[in-house]
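Here is a short tour of a protein chain, meant to be read with the structure open beside you. We will look at charged pairs, then the sheet and its helices, then the aromatic rings.

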Amino acid sequence: MLNNLVPRLQVNTIYDIDLHELWKQGKRGIITDLDNTLVGAKAPLATPELIDWLKVVAQIGFQVVIVSNNNKVRVAQFAEPLSLPFIYRAKKPTSAAFHKALQLMKLSADEAIVIGDQMMTDVLGGNRMGLYTVLVLPIAKADEGVFTKIVNRTLEKVALTWMKR
């Protein structure tokens, strides 16, 4: 199971991802987490830098679906101004939301990547589905919810310590 916590790629931010290389590898879709991946957990809207990145993503040809464990109001408020499809209350790391995102994009698992800031939700869920997983550093750790701070980040530390052995 610990192998499922290891991302295929680890970068500081989404802006460090080589999108052109992923396109060459046959990737055509991006399933991305929202909070602390695209913007800080308390940022209601996309930043100008993110809007520019999403334009590049679209110019290359990628489809994007936001998959978040957060509620409908939060995710819709963020995604709708960007005209991005989204799945809320995704219950990651379970596979249902990842399957739904692939169906929305009409892609297979080997054609999509998952970007997220948590090993226990984004990476585990994506790896279990056979998706190419990208782990980014959380944008605003101080804004994380109690469950993420106490449970997920603690489990991540334990897993990382074990993997380093």
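Are lysine 92 and aspartate 122 buried or exposed? Both residues are buried. Please keep in mind that this is a predicted model.

**Charged pairs**

| Lysine 92 | Aspartate 33 | 2.9 Å |

A network of salt bridges links Asp33, Lys92 and Asp122. Lysine 92 sits in the loop between β4 and α4, while aspartate 33 belongs to the loop between β2 and α2, so their pairing ties together parts 59 residues apart in sequence. Aspartate 122, for its part, is in helix α5, 30 residues from lysine 92. The relative accessible area of lysine 92 is 6%, and that of aspartate 33 is 7%.

Arginine 74 and aspartate 35 also connect distant parts of the chain: the arginine is in helix α3 (residues 72-79) and the aspartate in the loop between β2 and α2, 39 residues apart. Arginine 74 is buried at 10% relative accessible area, and aspartate 35 is buried at 15%.

**The sheet and its helices**

Six strands form an open sheet with parallel pairing, in the order β1-β6-β5-β2-β3-β4. At its edges stand β1 (9-11) and β4 (86-87); each has a single partner strand, so one side of each lacks a neighbour in the sheet. Four bridges join β2 (residues 29-32) to β5 (residues 112-116) in the parallel sense, and isoleucine 30 stands opposite isoleucine 113 in β5.

Helix α4 (residues 96-105) lies across β2, β3, β4 and β5, at about 155° to β3. Helix α5 (residues 119-128) packs on the sheet too, touching β5 and β6 (132-136) and making about 165° with the direction of β6.

**Aromatic rings**

There are three aromatic pairs. In one of them, tryptophan 23 and phenylalanine 62 have ring centres 5.2 Å apart and planes at 80°, so this pair is edge-to-face. Tryptophan 23 is in helix α1 (residues 19-24), and phenylalanine 62 is in the loop between α2 (48-60) and β3 (63-67), 39 residues apart. Tryptophan 23 is partly exposed at 27% relative accessible area, whereas phenylalanine 62 is buried at 6%. Arginine 28 lies over the face of tryptophan 23, 3.6 Å from the ring centre.

Note on methods
Residues numbered from 1 in each chain as written. Predicted model: local features only at pLDDT ≥ 70, side-chain atom pairs only at ≥ 80, totals over all residues. Heavy atoms only, no water. Phe/Tyr/Trp six-rings, centres within 6.5 Å; stacked < 30°, edge-to-face > 60°. Helix = DSSP H or I, 4+ residues; strand = E, 2+ residues; numbered from the N terminus. Buried < 20%, exposed > 50% of the residue type's maximum accessible area, 1.4 Å probe, protein only. Lys NZ or Arg CZ within 6 Å of the ring centre and 35° of its normal. Pairing = 2+ DSSP bridges. Contact = heavy atoms within 4.5 Å. Axes fitted to C-alpha atoms, helices over the stretch in contact; angles between N-to-C directions. Salt bridge = Lys/Arg side-chain N within 4 Å of Asp/Glu carboxyl O.
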